[in-house]
Structure formats: structure tokens, C-alpha cells
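Keep the sequence and the structure in view while reading.

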Amino acid sequence: MIKREQMKIVHHEQIAKNIYAITLTGYLVEEMNEPGQFVHVKVTSQADPLLRRPLSLCRIDQGARECTLIYRKEGIGTTLLSEKRPGETVDVLGPLGNGFPLDAVEKGQRALLVGGGIGVPPLYELAKRLVEKDVVVTSVLGFQTKEVVFYEREFAEFGETYIATVDGSHGTKGFVTDVIHERAISFDVLYACGPKPMLKALEQAFPHKDVYLSLEERMGCGIGACFACVCRVPGSETAYKKVCCDGPVFKAGEVVL
Ligand code: FES
């Protein structure tokens with residue numbers, strides 16, 4: 001059963017240009033078990049379900065019953081959300097989808113986490129869980145430019161962290177794949193979240209590795225009912241998977257990017 005709650009905002013701040021971190025409290029946090037899952041947040045009282053926004057879980061603190069979501073202000077929904085203050089509530093549906101498999105990597109092995117832009121947040125909780133499991137974590141985070149970089153220090157607490165910016169204003173100039181190749185980063189399992197071209201490049205660069213990709217697909221309902229998020233399955237003209245409920249995390253090769 002999908003759960004829904006009016007969660008209370010305990011903290012809300014801008015952390016980079018047009019990037020906001022919002023911390024919510026509520027009983028729903030008890031249901032949030034997998035890094036990589038998302039919630040569907042509605043910020044207006046209007047009934048239109050399309051006014052919900054899928055936001056991935058960045059931090060889950062079940063002890064404090066708090067979770068943090070990071071989002072980019074870019075449309076009407078996220079602009080309205082950015083104006084909300086601590087003490088106010090937001091309507092949250094979730095947690096939704098299937099997250100990153102933690103058991104794909106064993107204690108002492110190396111995990112490479114690769115995030116692009118607003119795909120970075122779900123990797124934070126993943127990094128935390130992997131380090132708790134004694135997995136060696138390396139993170140490579142890609143952004144357009146310096147002013148939209150966030151969570152560099154936070155990821156560095158979990159292991160080696162490299163930044164790439166397209167314009168070279170911070171870290172390596174270029175893409176996440178440039179950093180991985182230049183530094184010859186070795187790993188047993190790769191987990192990534194970000195735009196499709198980045199995921200595709202990673203899938204092609206490491207065809208023989210264990211690679212898990214979280215898709216930032218355009219979503220409507222978030223619960224499998226509207227078909228806004230479908231992806232084709234390789235080798236079939238008719239088979240498809242829904243990002244919202246079959247994903248958002250898929251093993252590389254499971255869907256056509
Ligand atoms: Fe509606 Fe996936 S978002 S089916």
C-alpha cells in the first residue's frame with residue numbers, strides 16, 4: 001500500500017545556485033529503507049496529480065524520523081516548494097520505486113558512485129550505507145559549472161571524491177567519464193544516477209562490470225498508472241518497463257537508454 005503523509009519541514013536552505021535541501025519529519029521516514037527510492041511531493045492544494053514532483057531521498061535518519069531531499073528549482077512546482085518555510089507541511093507520497101542494491105557489493109570491495117547534477121543526492125545515502133558495510137567508496141560527481149556544485153565535502157567524508165565540471169570552473173574540466181579514465185579508478189561495482197547521456201556513456205565504458213543506473217525519467221503519477229515514464233527493453237519492440245515502479249534503479253542493459 002502506498003503511504004501518504006503531510007510531512008513537516010524542519011529545515012530548508014539553498015545550497016547552490018537554484019539547488020535546495022529540504023529536511024522533513026514524519027512517520028513516513030520509518031518506511032524509507034532503500035537508498036535510491038524517491039518520494040512524490042505535492043506543494044499545492046490543487047487536485048492535479050501532475051503537480052507532484054518526484055524527488056529522490058538524499059539522507060534518511062530513521063532515529064530522528066527525518067529525511068532530506070535535494071532538488072533543483074526549475075518549474076512551477078519546485079518554485080512553490082522553494083518558498084515553503086520550516087513549520088509548514090508538504091504532502092508526501094512514498095517511498096516509491098526500487099533503490100540501489102546494497103548486496104551487489106561485499107565488505108572490503110570497491111564501489112564507484114557516479115552522479116550527475118541533480119542525480120547526485122540519492123548517492124549520498126547510498127555512500128553512507130556502503131561505508132557502514134565496510135565497502136570502499138569512491139565518488140565522482142559531475143556538474144555544469146562551479147556555482148551548482150554541492151555536497152563535495154559531504155561525499156568526501158565517505159571516501160575519495162572527485163568533481164568534474166563541463167566548463168572546468170571546479171575540479172576536472174569535462175565529464176565524469178574523463179575523471180574515471182584519467183585517474184584509472186578501479187572498482188567492483190558501479191552505481192550511478194544522472195542524465196541519460198551520462199548513464200549511457202557509463203554503460204558503454206564498462207560493459208563487463210556490475211553497473212546499476214538510476215534513471216531520472218520524466219514522471220507523471222509516480223505509481224505505475226500513467227505510462228509517462230516507460231523505457232523499452234532491449235531486443236523487444238513491445239516490452240517496456242516503468243521507471244517509477246520497476247526502477248528507478250536498473251541493472252545496466254535492462255532497459256534501453
Ligand atoms: Fe506514471 Fe510511471 S510515472 S507510470
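Two residues are in contact if their C-beta atoms, placed from the backbone, lie within 7 Å. By that rule, and not counting residues up to four places away in sequence, C229 touches E217, R218, M219, K242, V243 and C244. The model in which these contacts are found is a predicted one.

The place of C229 is the loop between β12 and β13. Is C229 buried or exposed? A residue is buried if 20 or more other C-beta atoms lie within 10 Å of its own, exposed if 12 or fewer, and partly exposed in between. C229 has 23 C-beta neighbours inside 10 Å, so it counts as buried. C226 is also found in the loop between β12 and β13 (230-232). With 15 C-beta neighbours inside 10 Å, C226 counts as partly exposed. The contacts of C226, leaving out residues up to four places away in sequence, are G220 and C221.

Both cysteines belong to an annotated group. In an unreviewed entry, UniProt gives the annotation "binding site" to C221, C226, C229 and C244. They span 24 residues in sequence, yet no two of their C-alpha atoms are more than 10.1 Å apart, so they gather at one spot.

The next step is the division into domains. The domain assignment of the protein gives domain 1 (4-96), domain 2 (102-213) and domain 3 (217-257). The centres of domain 2 and domain 3, taken over C-alpha atoms, are separated by 23 Å. To the contact, domain 2 brings 7 residues and domain 3 brings 5 residues. On the side of domain 2 that touches domain 3, α5 (196-205) and β12 (210-215) each supply at least two residues. α5 gives the most to this side, with 4 residues. Sorted by class, the side of domain 2 that touches domain 3 has 4 nonpolar, no polar and 3 charged residues.

Now consider the sheets. Strands of a sheet pair through backbone hydrogen bonds, either parallel or antiparallel. Strand β1 (residues 4-16) pairs with strand β6 (residues 89-96) over 5 bridges in the antiparallel sense. For R4, the bridge partner in β6 is L93.

Not counting residues up to four places away in sequence, T25 touches M7, K8, V10, R65 and E66. T25 and H11 are 14 residues apart in sequence, and their C-alpha atoms are 9.5 Å apart in space.

A further "binding site" feature comes from UniProt, in an unreviewed entry, and is placed at R53, P54, L55, S56, I70, Y71, R72, G77 and T78. Two of its positions can be followed in detail. S56 lies in strand β4 (residues 52-61), and I70 has its place in strand β5 (residues 66-72). S56 counts as buried because 28 C-beta neighbours lie inside 10 Å. I70 is buried as well, with 22 other C-beta atoms within 10 Å. Leaving aside its neighbours within four places in sequence, S56 is in contact with F38, P121 and P122. I70, with residues up to four places away in sequence not counted, touches I19, Y20, A21, C58 and P121.

What is the order of strands in the open sheet? This sheet has 7 strands in the order β10-β9-β8-β7-β11-β12-β15, with mixed pairing. Its edge strands, β10 (172-173) and β15 (249-251), each pair on one side only. Within the sheet, strand β7 (residues 110-116) and strand β8 (residues 136-143) run parallel and are joined by 7 bridges. Opposite V114 stands V140 in β8.

Notes:
Residues numbered from 1 in each chain as written. Predicted model: local features only at pLDDT ≥ 70, side-chain atom pairs only at ≥ 80, totals over all residues. Domains from an automatic or database assignment. Nonpolar A, V, L, I, M, F, W, Y, C, P; charged D, E, K, R; others polar. Pairing = 2+ DSSP bridges. UniProt positions renumbered as here; feature names shortened; annotations may be inferred.
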